Amino acid sequence: MIIRSEHWQNIPVLHIVEESTEQEQLPVVLFFHGFTSAKEHNLHYAYNLAKKGIRVILPDCMLHGERAEDLDEFHLALKFWEIVLSNIKEAGILHEELKAKNLIDDNSRVGMGGTSMGGLTTFGCLASYGWIDAASVMMGSPAFVKLAKGQISYAERGGRKLPVTLEEREQLFGALDQVDLSKNPGRLNERPLFMWHGEQDTVVPFEFTKEFYLAIQKEYEGHPERLKWMNEEEAGHAVSRPGMLASVDWLAQHLLAGE
């Protein structure tokens, strides 16, 4: 197995693939890490996917990993949604790079996954791109606007004065509304979607994701097997090993079979 550190249009990535199939056009998964994490922290997902014959690209998000700057967690958190929106844009860049490098063609299967902020990114990409063939979301919420408003309210109730004007807030909510999958569930188009969430999660509300799962079941009436929900009663904001393996199996099932 090859783990190569590369830069794709100035985006640092880890490129993981079985050496024997490195030059072939394989199914690909773009996998995004969480807030304050980095690409190498998701190597266990990549390893298990690559073992199954899938190429995996792990990017560093803006202001994370190799792209980190001298920001404390509070000031980094102020840029949270800017990072998510940047991730969504950069997913499109990575997809174009896959084509430019002849690693995929128009018939190739491409999946996406992520944990926490990476899960939000995956939901945003599902709202933005039709080329995603299957997705796996761990601890992510599709309700961008509701979540952003809740974060701002929570910070202000805690006595934090946020350096954001009312106009800037409205601009943010407008940008998030465009990629808020909870408001545009039809964009799923019955694509295979796996969601994992711990019921004790105190970072990304479990209820938002569960509500979304229940709401979109009607979107999958023709193919209910393409929607899978996995919750764990005692889990918090950390994916269990069974959850990780289930997400890997889901992506492999739908990308390798070409369903």
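Tutor: Helices and strands are here DSSP runs, numbered from the N terminus: a helix is a run of H or I of at least four residues, and a strand is a run of E of at least two. The model is predicted. In these terms, tyrosine 129 is placed in the loop between helix H4 (117–128) and E6. With a relative accessible area of 18%, tyrosine 129 is buried, since the cut-off for that class is under 20%. Beyond its neighbours within four places in sequence, tyrosine 129 makes contact with Ile88, Lys89, Ala91, Gly92 and Arg191. Phenylalanine 194 is 65 residues from tyrosine 129 along the chain, and their C-alpha atoms are separated by 17 Å.

The loop between H4 and E6 also contributes to a charged pair. Aspartate 133 and arginine 109 form a salt bridge in which the closest N and O atoms are 3.6 Å apart. Aspartate 133 belongs to that loop and arginine 109 to the loop between helix H3 (80–100) and E5, so the pair ties together parts that are 24 residues apart in sequence. Aspartate 133 is buried, at a relative accessible area of 17%. Over the whole structure, 13 salt bridges are found.

An open sheet is formed by 8 strands in the order E1-E2-E4-E3-E5-E6-E7-E8, with mixed pairing. Strand E1 (2–8) and strand E8 (227–232) stand at the edges with a single partner strand each, so one side of each has no neighbour in the sheet. From one strand to the next, the twist averages 15°.

Strand E1 pairs with strand E2 (residues 11–17) in the antiparallel sense over 7 bridges. Within this pairing, glutamate 6 has valine 13 of E2 as its bridge partner, and isoleucine 2 stands opposite valine 17 in E2. The hairpin of E1 and E2 has 2 residues between the strands, and glutamine 9 takes a positive phi near 50° there.

Arginine 4 forms a salt bridge with glutamate 6, the closest N and O atoms being 3.7 Å apart. Arginine 4 is partly exposed at 30% relative accessibility, whereas glutamate 6 is buried at 17%.

Isoleucine 2, in strand E1, counts as buried at 13% relative accessibility. With residues up to four places away in sequence left out, isoleucine 2 touches His15, Ile16, Val17, Glu19 and Glu22. Serine 20 is 18 residues from isoleucine 2 in sequence and 9.4 Å away in space, C-alpha to C-alpha. Methionine 1, in the segment before E1, is partly exposed with a relative accessible area of 37%. Met1, Ile3 and Tyr47 make a nonpolar surface patch of about 290 Å².

In E2, 7 of the 7 residues are buried, so the strand is largely enclosed by the rest of the structure. Ile11, Val13, His15 and Val17 point one way from E2, while Pro12, Leu14 and Ile16 point the other way. Strand E2 is joined to E4 by 4 bridges, and the two run antiparallel. In that pairing, histidine 15 has isoleucine 57 of E4 as its bridge partner.

Just after H1, glycine 53 takes a positive phi of about 100°. Asparagine 42, in the loop between E3 and H1, is buried at 5% relative accessibility. With residues up to four places away in sequence set aside, asparagine 42 touches Phe31, Phe32, His33, Leu58 and Thr115.

Conventions. Residues numbered from 1 in each chain as written. Predicted model: local features only at pLDDT ≥ 70, side-chain atom pairs only at ≥ 80, totals over all residues. Heavy atoms only, no water. Pairing = 2+ DSSP bridges. Axes fitted to C-alpha atoms, helices over the stretch in contact; angles between N-to-C directions. Patch = residues over 30% accessible without salt bridge, like charges linked within 9 Å, V, L, I, M, F, W, Y side chains within 5 Å. Areas by Shrake-Rupley, 256 points an atom, 1.4 Å probe, with all protein chains shown as cover. Salt bridge = Lys/Arg side-chain N within 4 Å of Asp/Glu carboxyl O. Buried < 20%, exposed > 50% of the residue type's maximum accessible area, 1.4 Å probe, protein only. Contact = heavy atoms within 4.5 Å.
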